[in-house]
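Below are some notes to read alongside the model. They are set out as numbered points.

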Amino acid sequence: MNILSDELNVENEFYFQWHITEQCNLRCKHCYHAKYTSSDELSLGKLVSIADKIDSTLKTWNKKGTLSITGGEPFIVRDKLFPLLGHIDSLKTIHHFDILTNGSLLDQSSLNELKEFKKLRRVQVSLEAANQKLNDSIRGNGSFEKTLSSIRLLKENGFQVAVMMTISHLNKNEVESLIKILKEERVDTFSAERFIPEGVGTNLKDEFLTSAEVREVFQRIYSLAMKEDKIRILLYRPLFAQLNGNDPTVGALCSAGNNALTIMHDGTIYPCRRLPIPIGNALTDSFYKVWYMSSVLWDIRNTKNIKGKCADCDLIPVCRGCRAMAYALTGDYLAEDPQCWK
Amino acid sequence: MLEISQTDTFILSENIFLQKITELEKYWVFNIDTGEHYTLNETSYWILEQIAENLPANNIFKNFLGNFDVDENQGKDDFREIMNGFLTEGIINRAERPDKKEEER
């Protein structure tokens, strides 16, 4: 009998995306959250106990842990955020963590506190366009200028900054101009996520891209990534593998059931934030139980279950399509990725 | 090494969970309490499935010989080795014999 770790988790890292609150001061039109209330939010003590559970799990699995702490807007609950980050920073199994924020509540005093955390790798904010009006029509009035100010403040204080863009019909032609601005602002990394119509974002479903449009946008992003040296353009997403299957930095296997879990504000565990099917609770269940016994995760792990064009695709070991996209569009998380152009 | 008597019965330890993906020929056993996990070959997994059905070891052994078409002597050694591995790793326990329970009463 051999230890299983290298078979069940293809990488040595295990990633947790942790939404510590649902409260948010913005109402972005594409948001995957359905509500923004503080009910069921966990106390600091419970958050710390989950962090300890993450630590002991990673220890048993002998995995390097990476975390993204987010919300809602995590800085709304700064009384819990900073002590929690302090605790996470002290855990040996955690290699690094990122904070995903809208940036609107960042100030010098917050950054002074963040500087104390040795394992904080990057602060990620979002911009949807280089065009201020367009960005603000999606993220809210004033958000463009506020986000740029936050980026500048972060860079002045020596932080690594990541910017994410959620691509839909609304902003698919903004990639190049946005990256140009981000370079000028000395942003470290850029990534683009496909818009999935779920949560509040269901109202934007007409802005969902066709597979031909996704192909065209992804090709443009890939071309930029190949020639840009001032900003890293991350291509760790399903479907990118079709553009260069030989390069391991291009494309990524869907992380659901593979090497990641999402923890929600009330402890509910999802396979991925964009695949909102509860598979356990971090307070009451062990991560072992969830990882080993969830039928949803086992359905996804068995690549023979994946349907449609994904079933016959030679890239299935390195892509598998986005299971969340399949679920949002068809109600079946094993359906083919509806935006795949192959 | 384990001696297999006619009446010995083994049980899966508490918190042990079996999982297989037959199409991919992948077999696992998990301890959902401690987080330990092992990958198995088809034969070892098959034995654990039989144990989960509470069959006496001797029956499992007979089924094992029939199912995998192995020589009895070689099969005995293999079976013992696998069962001992499971016991050592805490994946199975020896079930208390009903007659022993009666004696204790």
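1. Two residues are in contact if their C-beta atoms, placed from the backbone, lie within 7 Å. Leaving aside residues up to four places away in sequence, A:Ile263 touches A:Phe16, A:Trp18, A:His19, A:Ile50, A:Ile269 and A:Ala282.

2. This is a predicted model, in which local features need pLDDT of at least 70, side-chain atom pairs count only at pLDDT 80 or more, and totals for chains, interfaces and linings use all residues. Residues are numbered from 1 along each chain as its sequence is written, while chains are lettered from A and ligands numbered from 1 in the order in which they are written.

3. Helices (H or I, at least four residues) and strands (E, at least two) are DSSP runs, numbered from the N terminus. A residue is buried if 20 or more other C-beta atoms lie within 10 Å of its own, exposed if 12 or fewer, and partly exposed in between, with C-beta atoms placed from the backbone.

4. In H6(A), the buried residues are A:Ser143, A:Phe144, A:Lys146, A:Thr147, A:Ser150, A:Ile151 and A:Leu154. They fall within an arc of 165° (taken from the directions from the helix axis to the C-beta atoms), so they line one face of the helix. The face turned away from the buried side of H6(A) carries the exposed A:Glu145 and A:Glu156. Cover for the buried residues of H6(A) includes helix H4, strand E5, helix H5 and strand E6 of chain A. A:Gly158, with a positive phi near 80°, follows H6(A).

5. Chain B has four helices and five strands, in the order β-β-β-β-α-α-α-β-α from the N terminus. Of its 105 residues, 22% are buried.
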